[in-house]
Amino acid sequence: MKRQRRRLYLGAAVLTAVSLIAYGVTVGTAGAEQQAPENPVVGQNAVDDPVPLLGLTNPDGVHLYTLSRSEADTAVAKHGLRYDSGTSGYLRQAAFTGSQPLHRLARTGTAGWLVTASAGERNALVASGRFRYEGVLGHASVKQTMGTQMLWRFSNGREWRMAFDQPYGNGEELLRNGYKRDGPLGYANPRVVRAGALYFGTWNSGSTAVIKAGRDYYKRSYDDPWAGVRDYAGTDPKVKQYRGAWSSDDFSDREPLIGYYDDAQTATVEKHIDQASSAGLDYFAFYWYWNPNTRTETKNAGLESFLRASNRNALDFGVTICAHDWDNGTLKIPVAQYGEVADRLVNSYLAQPNYLRANDGRRILWLCDTRGIGGNTASDTKAFVDTVRSKARAKLGEEILVLAHQDLGLRLPDAGADGDYCAAPYHAVAGRSYTKYVNEQRAGFGRGSNNFVRCVMSDFDERPRYPVFKPEASTVAYFPDHNFDLFREAARNVKRDMDAAPRPQSVVDNMVLVYAWNEWHEGGYIEPNARDGCRYLDILRGELGLQGKPGLALPCRRP
C-alpha cells in the first residue's frame, strides 16, 4: 500500500560510507557514535519504497551489507570487495510505523560486520571495545506484513550473514555450511518489483488529428478523440460498428471499463490512479512532447490531470521525452530551446515530491525518442541531457538518472545516458508474432546495459488506425496470435530474468515498465476494459508479486 507521502528528504548522514578497518582506512564519514540516535537518517534523498540490500564480500570471504549504492561502489573500486550475486532482500531506508532499526557494527582491528536489531546488544558490543558502531543500516518490520518474511542473522564464529529461509533465501544452505542461526532481525521483503506503465495522455480535445478523422471519415457531429477506437469496438449504440478489413474479428475490448473518457478531466485520472495503485503498480511514465513553434508543451493534458489529482501520491510519476522528427517538426526540441525545455522539466516535474526515483534516490528521466533533439546526433542529445542535469543540480541539488529507449541504438555514454529500457520493441512489432516476441524477450533483456529496466508489452494492434492513418491494410501492424496465456508468459519472463540474471550493481534492476496503460489506438493497454475487465492487471499482480490491495478499488466488471 502506498503512503500519503512517498518521498522523504532525509538530511544529515548517519551511515554513508563503509569503515574498512581491515584495510586500515575509513572511507568517507561513517558518522558513527557510541550510542545510536533513536531516529536515524541516511545521507541521501531516500526512496521510501524498500530498496535492495546489497551484499559484498572481501578477499577473505567476510561479508558486508549496505543499502547505499555509493558505499558499495566505493568498497568495490577502492578496497577489493566484490558484489554478491543478486540481492539479499529489501529494507526501507526510513523508519515507518511498526518498524525497528537495524544497527551495523564493525569489528575493531580486523574485518567483520555485524547487524543487530537489539539496542542492548549494540550498546554492549560497543562498550566491550570489540566493535565500533557505524550507524543504522535500514529498517525492518517488527510484525509480519504482506510480502515480508523473517530476515535472520547467521554466524560461523568468524563472520555474520543475513538471509531468509528457503524458498526466499539461502538460510538452509548456510546452515549446511557450518553457520548457526544467530537471531532474528525483523520482517523484510525478499523481493520487491517496482512495476509501472507508460501513460498516453491525449484522450481529450487536444487530439486534433483524430478528431478531424472522426468528422471527415466517420461523419461525427461532435469532437471525438476516440474516433476509430470507438468504431471498431462496436460497443457504443450511437456509433455504427466498423471493423475495416477484419469483419469477423472481435474488438469489443477497445472500450475502457470506465467508458470513453476525457483525460483532461481530473476525475478520469483519479480513477486510473485508483485502478493502478490497487493492482500494485508503482508509477506512470507519461509521454512528454514539446512544440518548438509555440515554445510550449503539447499533448500533456493527462499529465496535468495527474498533478491535480487528489490521490496523486498513491503513485509516483515520471516523464519520457518523445522528441519525434515527424509531424512537420512540431515535436522537435531545437538546440536554441534546450534551456527553456530543461527549466520546464525540472521546475514543473522533477521537483515534484512524488517524481519517480531509482533505488539510489536519483530521479529518472526517460528518453523515448531522441531523433528530434537538436540535429539527431549523439552529441546534440548529450548536450540536451547535460542541460537538464545542470538545471537539476541548480534547482534540486541532486543528480538525475537518464535512461534511453533500447531501440534507439544509442551508444549510451555518447548520448549522456546512464542506462536504457525497453517498451514495445520495434523488431517485435515488425515481426507480427507475439509468440516470437515472448520467445525472444529475455534475449532482448540480455542486450541491456547495467542500468536496464525490463519491460512487458501487453499487445500491439493498430488496426483501428485503418484506413485513416494507415491507408493500406497490409501495412497495419498487429499480433494475430496474441492471447492471455502468452501475456502471462511475458510477465513470467521478467520475473525469471530478474531471478536468473540479476544485475547487482544496477539501481533499477527490480523495476519493470509495461507498455502501456492506455495506448488504445495501438492496442497496448492494461487499463481495465469492457470485455476482459482487470485481466491484464490480475496477471501482472500474480506473476510479478505486486503488492496492491486485495481487490481493485473499482469493480472489474460492469454491473
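The paragraphs below walk through selected strands, loops and helices of a predicted model.

Three strands form an open sheet in the order E5-E4-E6, with antiparallel pairing. Strand E5 (63–66) and strand E6 (82–83) are the edge strands, since each of them pairs on one side only. Strand E4, residues 54–57, is joined to E6 by two bridges, and the two strands run antiparallel. Within that pairing, Thr57 stands opposite Arg82 in E6. Strands of a sheet pair through backbone hydrogen bonds, and the pairing can be parallel or antiparallel.

The next pairing involves strand E8 (residues 99–107) and strand E10. Nine bridges join E8 to E10, and the strands run antiparallel. His103 stands opposite Val136 in E10. Strand E10 is mostly covered, with 10 of its 11 residues buried.

Tyr133 is a residue to look at in this region. Tyr133 belongs to strand E10, which spans residues 131–141. Is Tyr133 buried or exposed? Its relative accessible area is 1%, and residues under 20% count as buried, so Tyr133 is buried. The side chain of Tyr133 makes a polar contact with the side chain of His103, at 3.3 Å. A polar atom of the Tyr133 side chain also lies 3.4 Å from the backbone nitrogen of Val136. Tyr133 and Leu105 are 28 residues apart in sequence, while their C-alpha atoms are 4.5 Å apart in space.

Strand E15 (283–291) has several partners. Four bridges join strand E14, residues 194–199, to E15, and these two strands run parallel. Tyr199 stands opposite Phe286 in E15. Six bridges join E15 to strand E17, residues 316–322, again in a parallel arrangement. Phe286 also stands opposite Val319 in E17. With strand E16, by contrast, E15 pairs in the antiparallel sense, over three bridges. The bridge partner of Asn291 in E16 is Thr296.

How are the side chains of E15 arranged? In a regular strand the side chains alternate between the two faces of the sheet. In E15, Tyr283, Ala285, Tyr287, Tyr289 and Asn291 point one way, and Phe284, Phe286, Trp288 and Trp290 point the other way. The residues on both sides are all buried. Strand E15 is accordingly described as mostly covered, with nine of its nine residues buried.

E15 and E16 form a hairpin with four residues between them, and Arg295 in the turn has a positive phi of about 55°. Asn293 is found in the loop between strand E15 (283–291) and strand E16 (296–298). The relative accessible area of Asn293 is 60%, which is over the 50% cut-off, so Asn293 is exposed. The C-alpha atoms of Asn293 and Thr145 are separated by 53 Å, and these residues are 148 places apart along the chain.

A loop residue need not be exposed, as Thr370 shows. Thr370 is in the loop between strand E18 (363–369) and helix H9 (378–396). Thr370 counts as buried because its relative accessibility is 3%. Leaving aside neighbours within four places in sequence, Thr370 is in contact with Ala323, Asn376, Thr381, Leu408 and Leu410.

The last stop is a group of helices. Helix H12 (residues 434–446) and helix H13 (residues 484–500) pack at an angle of about 15°, with their axes 10 Å apart. That angle makes H12 roughly parallel to H13. The crossing of H12 and H13 is right-handed. Residues of H12 that meet H13 include Tyr434, Tyr437 and Phe445, and those of H13 that meet H12 include Leu486, Phe487 and Val494.

Helix H13 also packs with helix H14 (residues 535–544): the two axes come within 9 Å and cross at roughly 35°. The crossing of H13 and H14 is right-handed. Among the H13 residues that meet H14 are Phe484, Phe487 and Val494, and among the H14 residues that meet H13 are Tyr536, Ile539 and Leu544. Phe487 and Val494 of H13 thus take part in the contacts with H12 and in the contacts with H14.

Conventions: Residues numbered from 1 in each chain as written. Predicted model: local features only at pLDDT ≥ 70, side-chain atom pairs only at ≥ 80, totals over all residues. Heavy atoms only, no water. Pairing = 2+ DSSP bridges. Buried < 20%, exposed > 50% of the residue type's maximum accessible area, 1.4 Å probe, protein only. Polar contact = N/O pair within 3.5 Å; in protein donor to acceptor, adjacent residues only side chain to side chain. Axes fitted to C-alpha atoms, helices over the stretch in contact; angles between N-to-C directions. Parallel < 35°, antiparallel > 145°, perpendicular 65-115°, else oblique. Left-handed = near helix turned anticlockwise from the far one by under 90°. Contact = heavy atoms within 4.5 Å.
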